[in-house]
2 protein chains.
Amino acid sequence: MKISILKENLLAGLSIVSRSTSKSVTLPILNNILFSVEKNFLKLSATDLELGVRYWTLAKVEEEGAITVPAKFLVNLISLVPDKKISLEVKNNILHIEGKGYKNQVKGLKAEEFPIIPEIKSDKSLEIEGKALSEGLSQIVDTTSPSQARPEISGVYFSLEKGTMEMAATDSFRLAEKKLSLPKTSLAEKVSLIVPSKTIREVVNVFGEKQGKVKVCFSPNQAMFESKMEEAPHPQTQIVSRLIEGEYPNYKEIIPKKFKTQLVLQKQEFLNQIKAASLFSGKINEVKLKTDASQGVLEIFAQNPDLGQSKSQVKSKIKGEKINTSFNYRFLIGGLVNIKSKEVIFELNGEEGPGVLRPTGDEKFVYVVMPIKSS
Amino acid sequence: MKISILKENLLAGLSIVSRSTSKSVTLPILNNILFSVEKNFLKLSATDLELGVRYWTLAKVEEEGAITVPAKFLVNLISLVPDKKISLEVKNNILHIEGKGYKNQVKGLKAEEFPIIPEIKSDKSLEIEGKALSEGLSQIVDTTSPSQARPEISGVYFSLEKGTMEMAATDSFRLAEKKLSLPKTSLAEKVSLIVPSKTIREVVNVFGEKQGKVKVCFSPNQAMFESKMEEAPHPQTQIVSRLIEGEYPNYKEIIPKKFKTQLVLQKQEFLNQIKAASLFSGKINEVKLKTDASQGVLEIFAQNPDLGQSKSQVKSKIKGEKINTSFNYRFLIGGLVNIKSKEVIFELNGEEGPGVLRPTGDEKFVYVVMPIKSS
């Protein structure tokens, strides 16, 4: 392999693919990035065997070839070389990195030993705005559970039907759902899949900052997310991931269709007072909530025999029954930080029924949270 | 104690004094901040027994008194309450923190149990611009050694004489010296003292961002740094510290008065290439330096059998002998990051003699670094 490339292009690619390497002791090549050449492009690839990322960037190719080199090391090195054209050449499994005033030689591992990242051939695919997809996923991905006992809830659930993409995540104490419209879809039938949360975080990172469409393809065992590159026979960035097998819980049943009490609160003020109360909460992270309709306030209370106690009042529009209940503050905060509107709707269903947090003026996001049951 | 105070004033004070608390298991009160009242001021104090910090801020005082409360906890809490007037009241060793819409009670420990931070009564004092003092100290403090075997080099050495303040730090592999002019000094004789590096870091933090003079007082065992408050009978912020006993090494002897080779290099380029080479260096952090006067460059070389090798050239004005030597890259970087000029002067004294890094156009800072001796 012998190519030349601009520093900024190389660094942009390295920073995207290097996140998907794996610190495997048994398979050290997973720590590496695969450099290979496709026509006028340098292709960078990385995988942890569950997730693979590929990135194509324009280069001046003199000679084809391939090598794998340690990812972090290379990112550190390339960020320090002068901001100009860089020449990359492979000789005897050594990557020669040269430019004006410097010559670096980095020992690599053979490209042939790098695991193959599968390609998906599927007629099931759709296109969606990358930014909307990333923003939507970022609102729910932290609600997944790292549980190994129930692998199906360790991922994000996608349900695709009739121009709508529904995405859901739960850790069994709380549930987040986001809906997106699909402007154009070739889906003939309903499709559902569970994508690992690590893949989702990469989708958020890779497609969150760019304008443009993302194509999503899926086969029974895999999903692929890719952004287009103009006039190229391949995408710009491609993420391929295995899917999680299993039956996703029928979460729609959990989302309450009614409420006994409805509050409308200033989100930031509510969030700050929950955080202040959290400092006083004990081992089970309990904060108590009580409405006072006569004053038009929600009262927040927490106490801890070692530290003291906190009581605050947040102005609230209040509809329905009086409420007196408790929540785990982490679960309330997890919902509130993903609500983008200035005001938040908080619907409650008695002391033991699920609560619902929703933005005002937006039906596309909903967050369900279970109260702490009084013993 | 019963006072009211603005949130921003309280938070400014808490963030300054809270850094000097100590996580002592045997003396948990060191984790606390002492609240007390002096006329129209709230006084905040913290100490780790070696270092004490006091901060005065205006408050509306209704009733005198005092209490100590956990520092970190209080910083977190006060940053979350609404940005308005806060009422603080002590009842039964509980600090009641109240404002519009909230009432917090924080359990404290008795003020009487808080260690006394000594006051220095001394006629030896001087005044210096706080920003210049902080900037100068920040250039040398990281060159101190955490060595417990040689406590005298764990601090910064001050030598005061004839309108000049000389400050030095060393870890025995390298040495940094900074000189400041004293526009006004009442010192009749030469004074020298060793101040612990933790105190120096607090001086940098506290006085680095503010305009105005800092008064420095010293007794045989202690030093005090304080900033003035207009029309108040006490300072704004005061740092009191024990001094380190012992004889500071006669470091002036180490600073070379001559050189065999003098280089003048672009600082950022030199720093980047040392950093790039450092990625390839082995266990002893060695990078090799060699001049090539015919090309007007300094060559930087490092290699590691596992990773590969790096060779780069940095343009340099070169005077004197040809050089071929090795340095620990950490020590070179430690000097270069504290040089503020665009160009750096690097003077060398053969393969085994000390090297000197200096800014161009500034005689006030010098950094001496020993090469790695060839075995």
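**Two copies related by a two-fold axis**

In this predicted model, 100% of the interface residues of chain A are also interface residues in chain B, so the copies meet through the same surface.

The overall make-up of the subunit is described for chain A. Its secondary structure consists of six helices and 26 strands. Along the principal axes, the C-alpha atoms of chain A fill a box of roughly 80 × 55 × 35 Å. Of the 375 residues in chain A, 43% are buried. When contacts in chain A between residues at least 6 apart in sequence are considered, 66% join residues at least 24 apart.

Chain A is assigned three domains: domain 1 spans 2–113, domain 2 spans 125–253 and domain 3 spans 255–369. Between the C-alpha centres of domain 2 of chain A and domain 3 of chain A the separation is 29 Å. Contact between these two domains involves 11 residues of domain 2 of chain A and 11 residues of domain 3 of chain A. On the domain 2 side, the most is given by strand β13 (residues 174–181) of chain A, which contributes six residues. The side of domain 2 of chain A that touches domain 3 of chain A comprises three nonpolar, two polar and six charged residues.

The contact between the chains takes 26 residues from chain A and 26 residues from chain B. On the side of chain A that touches chain B, at least two residues each are supplied by α2 (71–80), β9 (102–107), α5 (267–278) and β22 (308–320) of chain A. By class, the residues on this side of chain A are 10 nonpolar, 11 polar and five charged.

Strand pairing crosses from one chain to the other. β22(A) pairs with strand β9 (residues 102–107) of chain B in the antiparallel sense, over five bridges. Within this pairing, A:Gly308 has B:Val106 of β9(B) as its bridge partner. β9(B) is also joined to strand β8 (residues 94–99) of chain B, by six bridges, and these two strands run antiparallel. B:Gly99 stands opposite B:Tyr102 of β9(B). The hairpin of β8(B) and β9(B) has two residues between the strands, and in this hairpin B:Gly101 takes a positive phi near 90 degrees.

Helices also take part in the contact. In α2(A), the buried residues are A:Ala71, A:Leu74, A:Leu77, A:Ile78 and A:Leu80. An α-helix has 3.6 residues a turn, so residues three or four places apart point the same way. Within chain A, the buried residues of α2(A) pack against α1 (7–17), β2 (32–38), β3 (41–47), β6 (66–70) and β9, and they also pack against α5 (267–278) of chain B. α5(B) has 12 residues and reaches 16 Å from its first C-alpha to its last, close to the 16 Å expected at 1.5 Å a residue. The buried residues of α5(B) are B:Lys267, B:Phe270, B:Leu271, B:Gln273, B:Ile274, B:Ala276, B:Ala277 and B:Ser278.

B:Gly320 is located in strand β22 (residues 308–320) of chain B. This residue counts as partly exposed because it has 16 C-beta neighbours inside 10 Å, a count that falls between the limits of 12 or fewer for exposed and 20 or more for buried. Leaving aside residues up to four places away in sequence, B:Gly320 touches B:Phe259, B:Lys260, B:Thr261 and B:Gln262. B:Gly320 and B:Leu263 are separated by 57 residues in sequence, while their C-alpha atoms are 9.0 Å apart in space.

Two loop residues of chain B have backbone angles of note. Most residues other than glycine have a negative phi. B:Lys39, however, has a positive phi near 50 degrees. B:Lys39 lies in the loop between β2 (32–38) and β3 (41–47) of chain B, and with 12 C-beta neighbours inside 10 Å it counts as exposed. For B:Ser172, phi is also positive, near 80 degrees. The loop that holds B:Ser172 runs between β12 (164–170) and β13 (174–181) of chain B. B:Ser172 counts as exposed, because 12 C-beta neighbours lie inside 10 Å.

Definitions and conventions
Residues numbered from 1 in each chain as written. Chains lettered and ligands numbered in written order. Predicted model: local features only at pLDDT ≥ 70, side-chain atom pairs only at ≥ 80, totals over all residues. Contact = placed C-beta atoms within 7 Å. Domains from an automatic or database assignment. Helix = DSSP H or I, 4+ residues; strand = E, 2+ residues; numbered from the N terminus. Nonpolar A, V, L, I, M, F, W, Y, C, P; charged D, E, K, R; others polar. Pairing = 2+ DSSP bridges. Expected span 1.5 Å × (residues − 1).
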